[in-house]
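Subject: Handover of a structure and notes on its contents

Dear colleague,

Please find below the structure that I am passing to you. My notes follow directly after it, arranged by topic.

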Amino acid sequence: MRISVSSDMDEPVARALVDALGERGHEVRAHGALIPGDDPQWAVCSEAAARDVAEGRADQAVVCCWTGTGASIAANKVPGVRAALCTDAYTADGARRWNDANVLALSLRLTSVPLLHEILDAWFAGRPSADPGDRANVERTTRLDGGRTGA
């Protein structure tokens, strides 16, 4: 899977994220503080990672900032992106299942390396629900984008 990753800070957990994704066999495209000379502002690098998903250069993305909130807000401004701030494995599973989230947002402050692995395990094991009510909610969020997917 092609995964775009952004971080506004070059923190150990951000580096562990890139390593963990690579170890899982994913092709990683990095943005922000993870690339020397790239713009590390959370709004800029989170948008870049989200646009990779919306425009088909990545299948999913993981966006990071100190709290994860700014990264998730910026990513969610990109039409076609459903970013979820996840601080535990249960939330990551639910975000994939009920929300068909395609961007994972993480807090650099709250996410330890062991917790990171638990969240990634749940995120990648999660599958979008086929329940009609769940699908209707996801379709409604797409309409909130004006029907634009960015692709």
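The sulfur of Cys45 lies 8.3 Å from the closest cysteine sulfur, which belongs to Cys65, and this is too far for a bond. A search of the whole structure accordingly returns zero disulfides (a disulfide being a pair of cysteine sulfur atoms within 2.5 Å). Cys45 is buried, with a relative accessible area of 1%, and Cys64 is buried at 2%. Here buried means under 20% relative accessible area, exposed means over 50%, and partly exposed is in between, with a 1.4 Å probe and protein chains only.

Two remarks on the source are needed before going further. The model is predicted: local features need pLDDT of at least 70 and side-chain atom pairs count only at pLDDT 80 or more, while totals for chains, interfaces and linings use all residues. Residues are numbered from 1 along each chain as its sequence is written, and side-chain values use heavy atoms, with hydrogens and water left out.

The sheet

Five strands form an open sheet in the order β2-β1-β3-β5-β4, with parallel pairing. Its edge strands are β2 and β4 (83-85), each of which pairs on one side only. From one strand to the next, the twist averages 20°. Strands (E, at least two residues) and helices (H or I, at least four) are DSSP runs numbered from the N terminus, and two strands pair if DSSP finds at least two bridges between them. Angles run from 0 to 180 degrees between N-to-C directions, and axes are lines fitted to C-alpha atoms, for helices over the stretch in contact.

Strand β1 (residues 2-7) has five of its six residues buried, so it is largely enclosed by the rest of the structure. Six bridges join β1 to strand β2 (residues 27-32), and the two run parallel. The chain passes from β1 through helix α1 (residues 12-23) to β2 in a right-handed β-α-β crossover; right-handed means that, with the strands pointing away from the viewer, the path from the first strand over the helix to the second runs clockwise. β1 also pairs with strand β3 (residues 60-65) in the parallel sense, over five bridges. Ser4 has bridge partners in both of these strands: Arg29 in β2 and Ala61 in β3. Ser7 has Cys64 as its bridge partner in β3.

Helix α5 (residues 113-125) lies across β1, β3 and β5 (103-107), and runs at about 165° to β5.

Helix α4 and its ends

Which residues of α4 are buried? They are Ala92, Asp93, Gly94, Ala95 and Arg96. What covers them includes β3, β4 and α5. Asp93 is found in this helix, which spans residues 89-99, and counts as buried at 19% relative accessibility. The side chain of Asp93 makes a polar contact with that of Arg97, at 2.4 Å. A polar contact is a pair of N or O atoms within 3.5 Å; within protein, one must be able to donate a hydrogen and the other to accept it, and residues adjacent in sequence count only if both atoms are side-chain atoms. Leaving aside neighbours within four places in sequence, Asp93 is in contact (heavy atoms within 4.5 Å) with Ala122 and Gly126.

At the N-terminal end, α4 is capped by Asp88, a side-chain oxygen of which lies 3.1 Å from the backbone nitrogen of Tyr90. After α4 comes Asp100, in the loop between α4 and β5. Asp100 counts as buried, at 14% relative accessibility.

The loop around Ser129

Ser129 lies in the loop between α5 and α6 (132-144) and counts as buried at 13% relative accessibility. Not counting residues up to four places away in sequence, Ser129 touches Arg97, Asp134 and Arg135. A polar atom of the Ser129 side chain lies 3.0 Å from the backbone nitrogen of Asp131. The C-alpha atoms of Ser129 and Gly25, which are 104 residues apart along the chain, are separated by 25 Å.

Yours sincerely,

A colleague
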